[in-house]
Amino acid sequence: MMGSGPGDPELLTVAAYKILSDPSVLVISDRLVSQEILDLIQGDYKIARKLPGCADKAQEEIYSWVKEGLDAGKHVIRLKIGDPFVFGRGGEEVIKFRSFGVEPNVIPGVSAAFSAPLLGSIPVTHRGVSNQVVMCTGYGRNGTSPDLIQFHKEQTIVFLMAVGRLRELCNNLVNLAGYPLRTPVAIVERAGCPDQRSIVGNMKNIADLAEDYDIKPPSTIIVGDVVNVLLQSDETFDETVGGLVTRMIPEVNT
């Protein structure tokens with residue numbers, strides 16, 4: 001089992017790169033693994049088409065492919081986006097693979113929870129701004145919404161796999177968790193890939209901005225005042241950036 005990181009091949013671990021370069025491997029990949037990573041695979045690979053509403057069926061397909069490969073004596077690689085054990089069902093899959101009679105080696109990946117904010121010029125902690133970080137997923141078991149952490153001024157929340165229910169998430173954070181409408185929110189889409197994009201807004205307008213710019217998975221959502229620490233329009237820090245951001249330069253002000 002292997003983590004592919006956020007998408008940039010240069011952010012793969014050396015161990016992961018060596019294994020993907022082996023022409024004898026059979027790679028079973030998540031659909032959100034970047035094409036740049038898939039292009040490094042020298043052996044055969046299959047891509048699981050996990051889409052909303054059919055995730056369980058796709059998961060069973062993954063298990064079937066893995067079992068077939070193992071029965072055929074192949075070196076099977078289960079390739080997952082980010083880190084396998086950070087909201088990646090990695091633990092569940094390890095338990096399933098044990099039922100096949102194998103104990104998988106796990107190669108960690110760079111999790112988007114920390115790399116995506118960094119690549120979007122957002123420090124998840126900053127002295128005097130945020131002294132704690134909470135990682136959350138946008139989807140609980142069976143598609144439910146997970147419980148939310150109550151608002152704390154010096155706290156950063158990083159949401160993975162949540163852009164598909166961004167509007168609902170923001171409404172819940174405001175109405176159930178006490179977040180002010182002015183709370184800064186950023187989204188980093190396809191972190192580390194050539195077409196990476198970032199948008200910056202707040203609880204009130206981020207869902208509209210995401211629709212305007214057609215933001216898609218894989219995307220990482222960052223909530224908290226750290227969003228604006230480095231994304232400022234000038235050195236006086238009296239006017240914050242909003243909208244689509246490229247290399248910390250504002251393209252649209254809202």
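## Close-up views of a predicted model

**View 1. Strands E2 and E4 sit side by side in this predicted model.** Strand E2 (residues 25-30) and strand E4 (residues 75-80) run parallel, and 5 bridges join them.

View 2. E4 gives the most to the lining, with 4 residues, and helix H3 (55-71) is another element that supplies at least two. Sorted by class, the lining comes out as 11 nonpolar, 2 polar and 2 charged residues.

**View 3. Strand E7 is mostly covered.** Spanning residues 184-189, E7 has 6 of its 6 residues buried. In a regular strand, side chains alternate between the two faces of the sheet. Here, both faces are covered: Pro184, Ala186 and Val188 are buried on one side, and Val185, Ile187 and Glu189 are buried on the other.

**View 4. E7 has antiparallel pairings with E8 and with E9.** Strand E8 (residues 197-202) is joined to E7 by 6 bridges, and Val188 stands opposite Ser198 there. Strand E9 (residues 219-223) pairs with E7 over 5 bridges. In E9, Ser219 is the bridge partner of Glu189, a residue that is buried.

**View 5. A cis peptide bond links Pro217 to Pro218.** Omega for this bond is near -5°. Pro218 is found in the loop between helix H7 (206-212) and E9.

**View 6. Arg89 and Ser121 have positive phi without being glycine.** For Arg89, phi is near 60°; the residue is placed in the loop between E4 and helix H4 (90-99). Is Arg89 buried or partly exposed? Arg89 counts as partly exposed because its relative accessible area is 30%, and that class lies between the 20% and 50% cut-offs. For Ser121, phi is about 65°, and the residue is found in the loop between helix H5 (112-119) and strand E5 (133-137).

Terms used: Residues numbered from 1 in each chain as written. Predicted model: local features only at pLDDT ≥ 70, side-chain atom pairs only at ≥ 80, totals over all residues. Heavy atoms only, no water. Pairing = 2+ DSSP bridges. Nonpolar A, V, L, I, M, F, W, Y, C, P; charged D, E, K, R; others polar. Buried < 20%, exposed > 50% of the residue type's maximum accessible area, 1.4 Å probe, protein only.
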